[in-house]
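Please look at the structure first.

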Amino acid sequence: MTTLDVRLSALRDGGRKAMVPYFVGGLDDEWLDCVKAAAFAGADAIEIGVPFSDPIMDGKVIQEASLKALGRGTTLSSVLEGLHTLDIDVPLIVMTYFNIFHHHGLERSAAELHAAGVLGTIVPDLSLEEIGPWRAVSNEHDVASILMTALSTPPERAVQLAAETQGFAYAAARMAVTGVASDEGRGDLVVEKLRQASTVPIYVGIGIATPAQAASACTFADGAIVGSALVQRLLDGEGPKGVEQFLGEMRSAINAVGQ
């Protein structure tokens with residue numbers, strides 16, 4: 001069991017619904033201050049996207065932010081160097097594509113993630129059948145491998161993913177790339193498949209854009225992930241204050257669930 005497993009299971013068992021914001025590492029000079037603002041606003045875990053030039057699941061907002069970060073010279077190493085300077089008691093999770101780790105070296109990547117305080121990774125283009133070598137080196141460095149389940153995932157496949165994911169299961173609420181959506185999707189159907197297979201915490205993401213949507217997701221899941229709606233605010237120049245205000249509103253809405 002990884003440290004992330006222990007921390008997020010304890011969070012769930014304590015009755016708290018998780019709020020998990022996503023940031024693009026290296027987006028601007030304030031990106032680390034924005035991460036700190038998220039922790040202050042009550043984030044329970046924080047995803048940091050390492051920008052990649054050819055993403056398969058990122059929509060236009062995160063693609064725009066990633067290209068901006070890449071234009072500033074952002075790399076895996078520079079993102080991890082930044083994270084290493086943070087002094088926050090919130091689990092950090094890196095989300096990126098396998099080519100980044102493959103190019104950097106699997107052992108080196110896992111070791112540097114651990115050294116930077118990262119407790120988990122999400123690698124959308126790494127399938128369950130191919131994850132073995134990455135998971136082996138990650139486990140050696142106490143870095144959890146978080147797996148995603150989609151609406152199209154067959155029940156028997158969901159059982160496999162639920163059994164193998166670490167930290168939490170990522171339930172994709174819609175068959176789409178990341179982005180803001182006006183409806184909540186059908187994350188409930190994905191959560192139902194996962195609940196039948198495992199007691200791992202389940203967080204819903206893809207399309208959650210408002211406090212109300214996050215709260216709704218938390219009526220059937222253990223947490224909500226917000227990405228594009230937050231990244232758009234940063235592209236619009238709202239900065240750390242905007243992060244704190246937006247996530248503060250989301251935290252309040254999530255806290256109200258079940259009260």
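Two strands pair if DSSP finds at least two bridges between them. Helices (H or I, at least four residues) and strands (E, at least two) are DSSP runs, numbered from the N terminus. The model is predicted: local features need pLDDT of at least 70, side-chain atom pairs count only at pLDDT 80 or more, and totals for chains, interfaces and linings use all residues. Residues are numbered from 1 along each chain as its sequence is written, and side-chain values use heavy atoms, without hydrogens and water.

- The 9 strands form an open sheet with parallel pairing, in the order 5-4-3-2-1-9-8-7-6.
- Strand 5 (144-146) and strand 6 (148-149) are the edges; each pairs on one side only.
- Strand 2 (residues 46-49) and strand 3 (residues 92-95) run parallel, joined by 4 bridges.
- Ile48 is opposite Val94 of strand 3.

**Helix on the sheet**
- Helix 4 (residues 76-84) lies across strand 2, strand 3 and strand 4 (118-122).
- Helix 4 runs at about 170 degrees to strand 3; axes are lines fitted to C-alpha atoms, for helices over the stretch in contact, and angles run from 0 to 180 degrees between N-to-C directions.

**Helix pair**
- The axes of helix 11 (residues 228-235) and helix 12 (residues 239-255) come within 9 Å and cross at roughly 150 degrees.
- Helix 11 and helix 12 are therefore roughly antiparallel (angles over 145 degrees).
- Contact (heavy atoms within 4.5 Å) involves Ala229, Leu230, Arg233 and Leu234 of helix 11, and Gly239, Val243, Phe246 and Leu247 of helix 12.

Key. Parallel < 35°, antiparallel > 145°, perpendicular 65-115°, else oblique.
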